[in-house]
Amino acid sequence: MNTSSLRPAAAALLLAAGLSGCAGSATTTTATSPAGGSVGTKAAAQSEASATPTPSAQPIMERAGDAQPFQVVSEQFADLRILRYQVPGFEQLSAQQKELLYYLYEAGLAGRDISYDQNYRHNLRVRRTLEAVWEANQQRRTATSNTQQVDQAQKLNVYAKRFWFSNGLHHHYSTRKFVPECSREYFAELVRGVEPSTLPLLPGETVDQFLATITPIIFDPTLDAKRVNQEAGQDLVKTSANNFYQNLTQKEVEDYYAKKIDKKDPTPVSYGLNSRLVKDKSGKIVEQPWKVGGLYGQSITQIVYWLGKAVDVAETPEQKLALQKLVQYYQTGDLKTWDDYNIAWVRDTKSQTDVVNGFIEVYGDPLGYRASYESVVSFKDQEATKRIKAIGDQAQWFEDNSPIKPEHKKKNVVGITAKVITVVGESGDAAPSTPIGINLPNATWIRKDHGSKSVNLGNIVEAYDQASAGGSLDEFAYSDEEKKRARQYSSLAGKLHTDMHEVIGHASGQINKGVGTTKETLKSYASAIEEGRADLVALYYVMDPKLVQMGVMPSLEVGKAEYDGYIRNGLMTQLTRLPLGETVEESHMRNRQMVAKWVYEKGQKEKVIEKVTREGKTYFKINDYQKLRGLFGQLLRETQRITSEGDYNGAKNLIENYGVKVDPVLHKEVLARYEKLNIAPYQGFIQPRLVPVQQDGKMVDVKVEYPADFAQQMLEYGRKYSFLPHVN
């Protein structure tokens, strides 16, 4: 896979339209779905953070024109911090553009159930159980003086919010199962106390039978313990709890696609992208496509309904064609149509509004075939785009001057569209935890022949910056000089890294003819190698004087700030995301550790990076930034060779030797130092709410509201966008 949604690194990288008075007879109203229900009218990178303000200080809702400053931080619990973002510039859009964004926003939320079910086959039943008992549990939290009961209620409250944040009962990042800290008895008491009709009971199932089934699903940490298992030597399909495969082994899946895929096909479809693969009772392996009339058809019908309305108000003929192709794809499930859509989408460069909607990223599948549903609705930030566009415009120069082998370079880099976007709403795999950069499409041949779109999620990055306070920097940076440089330049450095990772990183290089895609050749290591390759492009060029000449950064001090932060994170601070004793499995974490450990080891003789102990604390100090740049270039050359040649053993050696193992002594130290900071290592967002304004039966405007209560938004989504059956 030659792209990803770049997500911010914990403790390393480091919303403005609203409701106003309605004129004339215009009123805020609901919109009706094809099912007849009231649907979606009020749908509802990590920073170095500080301790969280008291949630009670937050207003329930904010609107444009409110006197108080916008509150970015909402609350903190477990290892999570909930933020909010604004949508500056929305009010200046035309009525047609706002209407289009509203329809795309509704289409995105209509697929929310899909993400839960893709992540784990029991997630929808668990979510609906938590929704059913939420109010009763809240009453026990607030309406009793029984401290033991309050404690139990608070523990279930936290579990529910963690569940919503992760779109299921496996951690959104580590993919490990987490369980409630309340007792099973307390949970059973709550369930028995609510009206049975509100519970997700199967036909003929009693409450007691339901409890016997659901309790171990929720409380047993050993049952379906990992959503995505990447541990070498294990059957990655059998040991992963995701809902992409049924009754199959890893070998059976790999053999199935080995027979199906022609490696000599220059324009292959993305096999397996939009289906569940199952072995039926007769032993036959079949694909169950996600489409209208197929698996997840109830939700996809809603998505298609809203996309159809978007087609009617598209900004340009190119955008209209792309949306029509997307509708056709959802209706047929045909992967060739998906390619046609992506080509049409890449060619739509004039529209100010845009959307990512579909089964996009394959991180949730340990074999890299099946993609998770996501939606990101946005419009272009014209002013901020100047920086990223300048990089995209020079893509051929970057390719020509790359340290990779000449035969691995693209002779003609085509069709890179680079922009900064203002996000309006996110859903599915893109929320609450969000990317900060996106580069699509994923198909290598489309990128090579037709181009790609690279975006930086400007207002998301801005919200992260506003929430940042620098506590981790003070603890883990070696010197005052490093801290000063970070405070002055890390924000710009992070943006440039994201820009180059997405624009010239994923878009660079080419695979040798007849080799096949990386998911076929590099298999479970494909994502980590690809993310590392894109990071290395950014790291190599962020210390290039060319960026100063282009006017996108003032000096190489910006590059030094990026090097400081990347090494600090890759070797130390990202370990805060791991429980003591665990190895690294998540692809982005593997990539960052692999890159940082490799250059540290290769530069040890010359002390390019030096490990320093001071007052019992470990630090990593960069002594020679230019030599470090050279090491980044060497590793970039090697990761591109591995990608171009499809060298599975080369990928395995890099990731297993540098990206997986953790020094337990350093890990213990980092966790102890980090715990004192009271910083949540993961962050995500409450989404803005778009509300249409109707006049004489016609939508004349759309207003933005900013909810401030995460749990209430999740409950609202559960009421309005719950289309799938309990079991799919």
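This is a predicted model: local features need pLDDT of at least 70, side-chain atom pairs count only at pLDDT 80 or more; totals for chains, interfaces and linings use all residues.
Let us begin with a sheet of 3 strands, which is open, mixed in its pairing and ordered β4-β5-β16. Here two strands count as paired if DSSP finds at least two bridges between them. Strands (E, at least two residues) and helices (H or I, at least four) are DSSP runs, numbered from the N terminus. β4 (73-77) and β16 (682-686) are the edge strands, each with a single partner, so one side of each has no neighbour in the sheet. On average, neighbouring strands in this sheet are turned by 25° against each other, direction ignored. Axes are lines fitted to C-alpha atoms, for helices over the stretch in contact, and angles run from 0 to 180 degrees between N-to-C directions.

Residues are numbered from 1 along each chain as its sequence is written, and side-chain values use heavy atoms, with hydrogens and water left out.

Within the sheet, β5 (residues 80-84) pairs with β16 in the parallel sense, over 5 bridges. R84 stands opposite I686 of β16. Helix α4 (residues 147-165) packs on this sheet and touches β4, β5 and β16, where contact means heavy atoms within 4.5 Å. The direction of α4 makes about 115° with that of β4. Helix α14 (residues 458-467) also lies across β4, β5 and β16, and runs at about 120° to β16.

I turn now to another sheet. It is open and mixed, with 3 strands in the order β6-β7-β8. β6 (245-246) and β8 (285-289) stand at its edges with a single partner strand each, so one side of each is left without a neighbour. β6 pairs with β7 (residues 275-279) in the parallel sense over 2 bridges, and Y245 has L277 of β7 as its bridge partner. Helix α7 (residues 250-260) packs on the sheet, touching β6, β7 and β8, at about 80° to the direction of β8.

Finally, a pair of helices. How do α5 and α6 pack? Helix α5 (residues 184-193) and helix α6 (residues 207-219) pack at an angle of about 140°, with their axes 11 Å apart. That makes α5 oblique to α6, because angles under 35 degrees count as roughly parallel, over 145 as roughly antiparallel, 65 to 115 as roughly perpendicular and the rest as oblique. Residues in the contact include F187 and V191 of α5, and F210 and L211 of α6.
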